[in-house]
Amino acid sequence: MRMLLLLFLVPSAVLGQCLTSDDSNVEIKSWSNLYKGEQQFAIKMLNLANDMTPSENILFSPFSIYNALILSYFIANNHTEQVLKKALFIPPSETKETMKNAYTLQKQLRIPKNGSSEFELLNANRLFLSDKLTVRNCMEQLFKEEIAKTNFAEDPQGSLKKINDWVAKKTKNEIKDLLSADQINEGTRIVLANAAYFKGWWKSKFQPESTSKELFYISNSQNTFVRMMKQKNSFSHLVSEKLGAHVLELPYKGDQISLIILLPPFASPNGITNILKRMQKEDFNKVITDEMMQRPVEVSIPKFSIEQELELLPILNSMDIGELFQSSADLSGLTGNNDINLDDVVHKAKITLDEEGTTASAATAIFNFRSSRPLEPVKFICNHPFIYILYDRTTNTLLFTGIYNKPPPS
């Protein structure tokens, strides 16, 4: 697959004025560092989410959350800026300027393919700002595509509808009512929102007539029935001693995005937790790129649909981002005055796996209001808890991550 890299440069005079950097050089390295930071952030967040709810299903889009948080990094100053830079795994050598250029390049690479029948991948950020705020001119230039002036003070319910309608549109109506009426009021001044959406068709489809009810082992002492999809084909597979997992890649049409499944050995105590801890220590890209090989695989995977709202504040506090939601946070980069604060963050995600393919969507808003080696052919049977990752091989991005611990309620 060929990829064309287009660099869209923002005039250095504007960047220097707004993002306080003397370095106007743009390098591909910065773009690479942005994606590396997203991946480290994603794996750490998945570890923390699993630690907090070890027996529950987990689903979120680290890509969506990271993109919402990086907007707050761009408007942060002083200690808050340094806290976010560390938490977002941005290398010390990178500046706001180089990261903003990498962020701009990322947006250009995410422009949907017109008429593509391979997959749909959409990502969008918005800064819904009170029309009572005076935004610095340079910031309005830098973020003209993200900023949306909003009449919170006089029409809070209309503003709520504006935000929720934008999220619903960007996620093809998969995420509705992201924010509730009690989260927006006359005192709201800023909502940082991100919406992400993916729809992909399996490169090798599961045949509906092969789907049947099978046992799923939630634990050593508890089991239930699930609708299990099945097929036999050639897939990239790995028995990874580094990760302590059987790893399978199910590609979507276009070969850019895949579903990566990490399955612990059957009846392995703390199997999911052990995999996640090892993922933090290993180069995940290297493992799934260099070590996997094509081979015949008999696949069995549950057919499911999960929609979940993730409690992000406790996780972000554990990631040392709690300062962002305190009154002491410095977000003066936007207006030139320290006159805005963030109070909370909400994230919703939804994913559906069926015989045709996968649909996944997510939205994030940050706001204020005051076993042994298998024999040939490999049998990859997901009849016990597993980790799944919607993975973009072009950019090494973890778009959506989840842990399937048990069938969701019907």
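Start at the hairpin of strand 14 and strand 15, and select Asn396. Four residues lie between the two strands, and Asn396 has a positive phi near 60 degrees. Keep in mind throughout that this is a predicted model.

Next, select residues 397-404, which form strand 15, together with strand 14. The two run antiparallel and are joined by seven bridges. At one of these positions, Asp392 stands opposite Thr397 of strand 15.

Stay with strand 14 and select residues 386-392. Colour Phe386, Tyr388, Leu390 and Asp392, which point one way from the strand. Ile387, Ile389 and Tyr391 point the other way, and the residues on both sides are buried.

Now move to the helices. Select helix 2 (residues 28-52) and helix 3 (residues 62-75). Their axes come within 9 Å and cross at roughly 120 degrees, and the crossing is right-handed. To see the contact, show side chains on helix 2, including Leu34, Phe41 and Met45, and on helix 3, including Phe63, Tyr66 and Ile70. By class, this contact has ten nonpolar, two polar and one charged residues.

The last stops are salt bridges, of which the model has 16. Select Glu81 and Lys96, where the closest N and O atoms are 3.5 Å apart. Glu81 belongs to helix 4 (residues 78-87) and Lys96 to helix 5 (residues 96-109), 15 residues apart. Both Glu81 and Lys96 are buried.

Then select Glu356 and Lys205, whose side chains meet in a salt bridge at 2.9 Å, N to O. Glu356 lies in the loop between strand 11 and strand 12, and Lys205 in the loop between strand 4 and strand 5, so the pair ties together parts 151 residues apart in sequence. Glu356 is partly exposed, with a relative accessible area of 38%, and Lys205 is partly exposed at 35%.

Finish with Asp290 and Lys286, which form a salt bridge at 3.2 Å, N to O. How many residues apart are they in helix 9? Four, so about one helical turn separates Asp290 from Lys286. Lys286 is partly exposed, at 44% relative accessibility.

Notes
Residues numbered from 1 in each chain as written. Predicted model: local features only at pLDDT ≥ 70, side-chain atom pairs only at ≥ 80, totals over all residues. Heavy atoms only, no water. Salt bridge = Lys/Arg side-chain N within 4 Å of Asp/Glu carboxyl O. Buried < 20%, exposed > 50% of the residue type's maximum accessible area, 1.4 Å probe, protein only. Axes fitted to C-alpha atoms, helices over the stretch in contact; angles between N-to-C directions. Left-handed = near helix turned anticlockwise from the far one by under 90°. Contact = heavy atoms within 4.5 Å. Nonpolar A, V, L, I, M, F, W, Y, C, P; charged D, E, K, R; others polar. Pairing = 2+ DSSP bridges.
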